[in-house]
Amino acid sequence: MNAIRRISLSLAAIATAAGTTATAQAATATPRPLAQATLATCKQVGNTEATRRVAMLDTLRQRVESAKDLTGQHRSALLTLIGNDSSGLTALDQTIQADPTVTQCRSDVQLIVTRYRVYVLVVPQVHLAIAADVLASVDTTFARLETPLSQRIAHAKLSDDQRARAQAALADFDSIVAAAGTEVTGQADTVLALTPAGYPGTTTTLKSVRATLKQARAHLGTARSDFDTIADILGLH
Amino acid sequence: MHHTTGQSLRAWAAAPIAALLLAGCGGAATSTQPPTTPGAQQSQAAAATTTSDTATDTIDRSSVSSAAAQMQSADSEMSQAESAMSSTETVPAP
């Protein structure tokens, strides 16, 4: 009885092993219906994700083209970056649609993220480069006001107290505008030098640039207050 | 005689027209001061300075107003950058 049971179990094990081998061979030769469905889903995901990023890049391109304070060099660099990423993602989507296996498809779909980092790198790159150039433009505008304001304070009919307050505000204005100018210098270039290969370290750099730009923005806001103080004393309003 | 009268008429007509044109350009103060005495010349110079200063003020104020709008634009750009930086980029597992 025991001998018969052992034989039966062995036969069952052989049958199971044979079935498994047959199944594996079938999966290699012709995808099962489940694998085919998974491959189709994978390709659909790849197309959706690539298309979503290409659309985002087009939105960024429009923003770059309309940003009037961007320098020509920075605008050109951003448009090149956006154009390369957009064409690269389109080509990657075509590759994914031709992938023969689920494994290959999954690997290629991951490249949509790792090769481009559109949302966590390109989007901040564009916005911070624009912000840096905008603040640089404001700083230049304020720097041009220093001489005219100084001349007007010198020639205006003011009391000693008024003149002293105006001169103090102008001294603060001058130093703050100089500080803001130092802060914004080179920030756009720093941002534009970042690449997806540097992620996640790129995020640290982006946060540092943003913090410096916020500092420059705060300085320029104070400079604006100084200007208002001087304008009030001189009666410019 | 007729020719002389025509010149006088033209001069008579041109004077107020020139004054009106100057007034329209903000130069009325200078046009109403006959430059015949040193005092009058000083008044003319003062009026010219006032006109020049007014123009400078207008430029200053408009550029500062533009700068304020630019700073708000920079705020918006930095906010969008921050939002993107704080996100996590993934794709759904197929």
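The exercises below, each with a worked solution, concern a predicted model.

**Exercise 1.** Work out how helix 3 and helix 4 of chain A are oriented relative to each other, and which residues bring them together.

*Solution.* Begin with the geometry: helix 3 (residues 72–97) and helix 4 (residues 102–114) of chain A pack at an angle of about 170 degrees, and their axes are 10 Å apart. Next, recall that an angle over 145 degrees counts as roughly antiparallel. Helix 3 and helix 4 of chain A are therefore roughly antiparallel to each other. Finally, look at the contact itself, where Leu89(A), Leu92(A), Thr95(A) and Ile96(A) of helix 3 meet Cys105(A), Asp108(A), Val109(A), Leu111(A) and Ile112(A) of helix 4. Sorted by class, this contact has 7 nonpolar, 1 polar and 1 charged residues.

**Exercise 2.** Describe the largest nonpolar core, and then follow the contacts of Leu128(A), one of its members.

*Solution.* The core has 65 residues, of which Leu128(A), Ala131(A), Ala132(A), Leu135(A) and Leu213(A) touch the most other members. Helix 5 of chain A gives the most to this core, with 18 residues, while helix 3 (38–85) of chain B is among the helices that each supply at least two. Both domain 1 (32–116) and domain 2 (119–234) of chain A contribute at least three residues. Turning to Leu128(A), and leaving out residues up to four places away in sequence, we find that this residue touches Val191(A), Leu206(A), Val209(A), Arg210(A), Leu213(A) and Ala81(B).

**Exercise 3.** How many residues of each chain take part in the contact between chain A and chain B, and which classes occur on the chain B side?

*Solution.* First, 26 residues of chain B are in contact with 41 residues of chain A. Then, on the side of chain B that touches chain A, the residues divide into 12 nonpolar, 7 polar and 7 charged.

How values were computed: Residues are numbered from 1 along each chain as its sequence is written. Chains are lettered from A and ligands numbered from 1 in the order in which they are written. This is a predicted model: local features need pLDDT of at least 70, side-chain atom pairs count only at pLDDT 80 or more; totals for chains, interfaces and linings use all residues. Axes are lines fitted to C-alpha atoms, for helices over the stretch in contact, and angles run from 0 to 180 degrees between N-to-C directions. Helices (H or I, at least four residues) and strands (E, at least two) are DSSP runs, numbered from the N terminus. Angles under 35 degrees count as roughly parallel, over 145 as roughly antiparallel, 65 to 115 as roughly perpendicular and the rest as oblique. Two residues are in contact if their C-beta atoms, placed from the backbone, lie within 7 Å. Ala, Val, Leu, Ile, Met, Phe, Trp, Tyr, Cys and Pro count as nonpolar, Asp, Glu, Lys and Arg as charged, and the others, Gly among them, as polar. A nonpolar core is a set of buried Ala, Val, Leu, Ile, Met, Phe, Trp, Tyr and Cys residues joined through C-beta atoms within 7 Å. A residue is buried if 20 or more other C-beta atoms lie within 10 Å of its own, exposed if 12 or fewer, and partly exposed in between; C-beta atoms are placed from the backbone. Domain bounds come from an automatic or database domain assignment.
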